[in-house]
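Here's a quick tour of the charged side chains in this protein. Have a look at the model first, and then we'll go through it.

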Amino acid sequence: MTIHNHEYWMAKAIQLANKGLYTTHPNPRVGCVLVKDGQLIGQGFHLKYGEAHAEVHAINDAKQNSQDTKGATAYVTLEPCSHQGKTGPCADALIKAGVACVVFGIQDPNPEVSGNGLKKLKKAGIEVIGPIQEAECEALNLGFIKRMREGLPYVRVKLAMSIDGRTAMESGESQWITGIEARLDVQRLRAQSDAIVTGIGSVLTDNPSMTVRIDSNDQEADPKTVRQPLRVVMDTALSIVPEAKILYPTSQACVFSIEEEIEDEHLEVLKKKGVTVRFSPRGEDGRLDLLDAMEQLADAGINEVLLETGSELAGGFLQAGLVDEIVVYMAPKLLGSSARPLFQLPLETMDEAVELELKSVRQIGQDLRLVYLPTYLDDDEL
């Protein structure tokens, strides 16, 4: 079979994997198609943690359609797993199904299992081809891959600004800079994230809930299957009030603080209400160590973080080299020179400027969505 055909069928598998965009946490998004004699005989994708993986769904789909999987080629966006987890090894399922060839998109980034699924398939006499469309398959799981390789989540910063680069009036008033279409798009960003992170300043000023609110008519995300991400507050002195909206339900909320900064009585009040409080050490700037906090979230299985906060904490993440992607919604408005900026950054010369790479531009309603990637050429320059 030609490379062109492999790419065609892998593209089908990628489309399927995207159907799990909002639901698979903490597992990766994976799609699989089974092809025999040039015809699609089965397809599937991973929907939810603890449930069947894409390969099993594809095999079951073929069986339900009375298709014989023996001698088929399986196209999988991620190397089939070889270990027993909540479900059985997918490599074993493909072997049992009698497939003759497995074409994979990317190798499993988990260093403990990477390559083992492929070895098991080869040992069973199955031809293995790949990686195919590696960049596209990696894009499905940027957070999972980064967590496996670096022990950190993939961090997106979401910002709304006027065309003069302002995020709020000097008083802090910011509702609403962007239009309804952009605000609905932000809900989808929240839905695909495992955690939403904000700062105590934003909580005390706006008292946000930071929940996902998907419209029942949304064409991209199904509100019935979308899960609520963990809501995380960076709060150095643990000054959050127990009644803050962002803390409820408490099972989906977490507060990071510095242990020596807090009052035991206040901590006990939060704990009695069921709020999870985590501690990070003091960083070099005297504030909460953001790197340590992100490492803790990664250890807890968080793949993707959406940072929705003010310019000070956003600047702190950028200076720490923790920002992977900046999503800016730019509204056709002018807020004036006294309004608040995107980032608080202590930069004085052009040599200190943080370079950004434009990834995409899209018009949403009357606003523009600009996606940038920071180019951290030298962390010491930040």
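What follows covers the overall build, then the salt bridges, then a charged surface patch.

This is a predicted model, in which local features need pLDDT of at least 70 and side-chain atom pairs count only at pLDDT 80 or more, while totals for chains, interfaces and linings use all residues. Residues are numbered from 1 along each chain as its sequence is written, and side-chain values use heavy atoms, with hydrogens and water left out.

**Overall build**

The protein has 11 helices and 16 strands; helices (H or I, at least four residues) and strands (E, at least two) are DSSP runs, numbered from the N terminus. Of its 382 residues, 49% count as buried. Buried here is under 20% relative accessible area, exposed is over 50%, and partly exposed is in between (1.4 Å probe, protein chains only).

**Salt bridges**

A salt bridge is a side-chain nitrogen of Lys or Arg within 4 Å of a carboxyl oxygen of Asp or Glu. By that rule there are 14 salt bridges, and here are some of them.

| Pair | N to O distance |
|---|---|
| Lys36 and Asp68 | 3.8 Å |
| Arg188 and Asp185 | 3.2 Å |
| Glu308 and Arg190 | 2.7 Å |

Lys36 sits in strand S1 (residues 31-36) and Asp68 in the loop between helix H2 (54-64) and strand S3 (73-78), so this pair ties together parts that are 32 residues apart in sequence. Lys36 is partly exposed at 22% relative accessibility, and Asp68 is partly exposed at 49%.

Arg188 and Asp185 share helix H7 (residues 180-191), 3 residues apart, or about one turn of the helix. An α-helix has 3.6 residues a turn, so residues three or four places apart point the same way. Arg188 is buried at 16% relative accessible area, and Asp185 is buried at 5%.

Glu325 belongs to strand S13 (residues 325-331) and is buried, with a relative accessible area of 5%.

**A negative patch**

On the surface, Glu259, Glu263, Asp264, Glu265 and Glu268 gather in a patch of negative charge. Such a patch takes residues with over 30% relative accessible area and no salt bridge, joining like charges within 9 Å. Glu265 lies in helix H9 (residues 264-272) and is exposed at 66% relative accessibility.

Key:
Patch = residues over 30% accessible without salt bridge, like charges linked within 9 Å, V, L, I, M, F, W, Y side chains within 5 Å. Areas by Shrake-Rupley, 256 points an atom, 1.4 Å probe, with all protein chains shown as cover. Lys, Arg positive; Asp, Glu negative; His and termini not counted. Charge placed at Lys NZ, Arg CZ, Asp CG, Glu CD.
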